[in-house]
Amino acid sequence: MSLFSRLFSLLTQAMLWLAAFISVFPFYWMIAGATNTANDITGGKFTLGTNLIPNITKFFELVDVPLVFFNSLVVAIGGTVLTLIVASLAGYGFEMFRSKTRDRIFGGLLLMLSVPFAAMMIPLFVMFSGVGLMNTYFAIIAPGIASIFMIFYFRQNTKAFPSELRDAARMDGLQEWQIFLRIYMPVMRSTYAAAMIILFMTNWNAYLWPLIVLQTNDMKTIQLVVASLATAYTPDYGLIMVANVLATLPTILVFFLLQRRFVEGMLGGVK
Amino acid sequence: MSGLKLTGLRKNYGAHQVIKGVDLVVEPKEFVVFVGPSGCGKSTLLRMIAGLEEISGGDLTIGGVRMNEVDASKRGIAMVFQSYALYPHMTVRENMGFALKYAGESAANIARRVNEAAKILELHKLMDRKPRDLSGGQRQRVAIGRAIVRHPEVFLFDEPLSNLDAELRVQMRIEIARLHKELQTTIIYVTHDQVEAMTLADKIVVLREGLIEQTGAPLTLYDDPDNQFVAGFIGSPRMNFLPAVVKNGALTLPEYDGQVIPMPPVAAKLAEGAEVTVGIRPEHFRTGGSASLDLTIELIEHLGGESFAYARQGKANVITIATGTGRNWASGERIQATFDPASVLLFTAQGARVR
């Protein structure tokens with residue numbers, strides 16, 4: 001191996017280690033923080049401590065954890081399932097049905113991706129308060145159901161769905177909705193899995209819109225609770241880190257359960 | 001088994017007409033092959049018969065019943081697709097029984113019919129495997145099995161052997177011929193491979209640009225084509241076409257140094273100076289005859305049992321010559337390629353056959 005290629009290899013490895021460190025260290029710090037007191041954390045301690053149990057106990061005393069998790073799960077699961085249904089139906093429709101206006105409508109949708117959420121926040125608030133939906137789960141979930149990014153993602157992946165499978169299903173006597181349910185959905189399960197992880201994470205971590213539409217403590221999601229812990233005059237970082245660890249667990253669980261399918265789905269797999 | 005009748009069948013995509021009025025009768029139990037170059041409309045025509053494409057005009061009857069608006073699943077048709085189109089998430093058994101399950105057949109009946117088809121196609125050992133665990137040939141057999149279990153009136157095959165390698169293609173071709181004999185069903189088969197068409201068909205339908213050029217038995221199309229297109233399409237290697245001029249009751253070949261060959265026996269009177277095209281099949285050089293062409297061999301292909309010489313004179317088009325074993329021929333050699341003038345076909349400048 002020449003000196004140049006050895007240097008190049010060393011440099012590549014160094015870059016990768018740096019990237020890995022930048023990605024993993026905050027996660028480690030969060031876990032280490034959960035085991036330390038606020039003073040230790042602000043004092044710059046990075047190693048594991050002994051304050052985990054008191055931090056957890058204090059968190060469970062301060063927060064109605066089952067209720068908060070229930071709220072978060074309703075929002076995350078509800079949002080994920082409804083978005084998957086709407087986006088995959090739309091993606092399937094856009095790809096499968098020929099129409100002169102199809103690409104114009106799709107182009108219009110893509111254009112809407114450039115509108116920032118901040119610009120839609122107030123109109124959405126006015127709309128939802130107008131129809132009396134404030135402080136409901138549906139209010140959190142609804143604006144994200146017709147996710148343009150997800151429709152785009154499903155349409156792109158549907159291009160890999162063999163049209164002859166649809167023809168074969170039609171010959172076998174299936175109606176369009178049956179083809180979607182019995183053939184398209186099982187065949188595209190990797191695409192669904194990848195979308196499910198992204199959507200679950202997005203809905204679970206949603207902060208700004210829930211903050212706007214949720215008005216009572218009994219409806220608060222875990223992200224709002226974590227944020228509220230940080231707003232005290234002297235924030236208890238150990239407590240905050242415990243809350244963060246707990247808030248991260250479901251996302252990690254979903255990712256590990258669907259990991260293989262996630263990779264296939266992101267590669268546009270049809271299995 | 002039912003026959004089919006296509007009367008003035010048309011298909012438009014907007015202003016673009018892809019099938020321009022097709023009239024065809026397919027007899028019960030007949031094996032009909034649609035051939036033609038890419039984009040000629042053969043697959044579209046098949047999909048119209050299947051009910052996968054709407055019919056823009058004309059009538060389609062199957063077993064005497066008009067089927068234009070009838071749903072694909074209710075036409076009594078089963079189709080085998082080029083890419084097999086097996087459901088990847090189902091086992092072979094589930095794939096084969098799927099249509100019957102949807103038609104509301106009892107589990108016992110489904111099992112009986114699936115096993116019956118599996119026996120015909122020797123699929124027993126593969127029944128619980130998923131399509132991804134099968135080879136190309138096995139997948140194709142499953143696809144055929146899926147069609148058989150439905151006991152259709154008509155089988156449609158859309159280029160079913162295109163995705164297989166050469167050896168498997170020959171095997172499957174024999175298998176399909178055997179199945180036709182055994183099941184005694186009406187089959188419509190689309191291919192661009194004229195060898196498949198010649199070996200399988202009772203009747204070949206040659207299509208070009210959405211129209212039927214000629215319909216007939218394989219050897220009729222080979223021996224007696226209606227036009228230059230059919231003559232060129234049927235037969236492998238392709239027929240040689242040489243531009244010629246009628247002069248003094250013989251044919252002069254201006255591109256071949258003005259060589260003269262005798263006029264083949266045709267009833268039509270050709271005017272002096274008329275421009276025509278001479279068609280000579282490569283294999284007609286093998287048997288020899290009283291007519292000949294002086295040519296220089298450019299290249300020789302030895303296939304073992306047969307050799308093909310590619311020869312020309314000057315800048316004229318290359319002529320393919322089947323030489324039999326032809327092992328003593330060499331590139332650059334000047335030869336006299338002999339043939340029987342009676343085997344030569346004549347076409348007008350517009351491509352119509354002169355008989």
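User: Which strand does E3(B) pair with, and in what sense?
Analyst: Strand E3 (residues 31-35) of chain B pairs with E9(B) in the parallel sense, over four bridges. Strands count as pairing if DSSP finds at least two bridges between them. Within this pair, Val35(B) stands opposite Val206(B). This is a predicted model, where local features need pLDDT of at least 70, side-chain atom pairs count only at pLDDT 80 or more, and totals for chains, interfaces and linings use all residues. Residues are numbered from 1 along each chain as its sequence is written, while chains are lettered from A and ligands numbered from 1 in the order in which they are written.

User: What do the E and H labels stand for?
Analyst: They are DSSP runs numbered from the N terminus: helices (H or I) have at least four residues and strands (E) at least two.

User: Is E9(B) enclosed or open?
Analyst: Largely enclosed by the rest of the structure, because five of the six residues in E9(B) (203-208) are buried. Buried means 20 or more other C-beta atoms within 10 Å of the residue's own, exposed means 12 or fewer, and partly exposed is in between, with C-beta atoms placed from the backbone.

User: What about E9(B) and E10(B), how many bridges there?
Analyst: Five, and E9(B) and E10(B) (residues 211-216) run antiparallel. Arg208(B) stands opposite Leu211(B). Their hairpin has two residues between the strands, and Glu209(B) takes a positive phi near 45 degrees there.

User: Switching topic: how long is H3(B)?
Analyst: H3(B) (residues 107-121) has 15 residues and reaches 21 Å from first C-alpha to last, close to the 21 Å expected. The expected span is 1.5 Å times one less than the number of residues.

User: Which of its residues are buried?
Analyst: In H3(B), those are Val114(B), Ala117(B) and Ala118(B). They cover an arc of only 105 degrees around the axis, so they sit on the same side of H3(B). That arc is taken from the directions from the helix axis to the C-beta atoms. On the other side, Ala108(B), Asn109(B) and Lys119(B) are exposed.

User: What do the buried ones pack against?
Analyst: The buried residues of H3(B) pack against H2 and helix H4 (136-148) of chain B.

User: And how many residues of chain B are in contact with chain A?
Analyst: 16 residues of chain B are in contact with 14 of chain A, where contact means C-beta atoms, placed from the backbone, within 7 Å. On the chain B side, H2(B) gives the largest share, three residues.

Methods:
Two residues are in contact if their C-beta atoms, placed from the backbone, lie within 7 Å.
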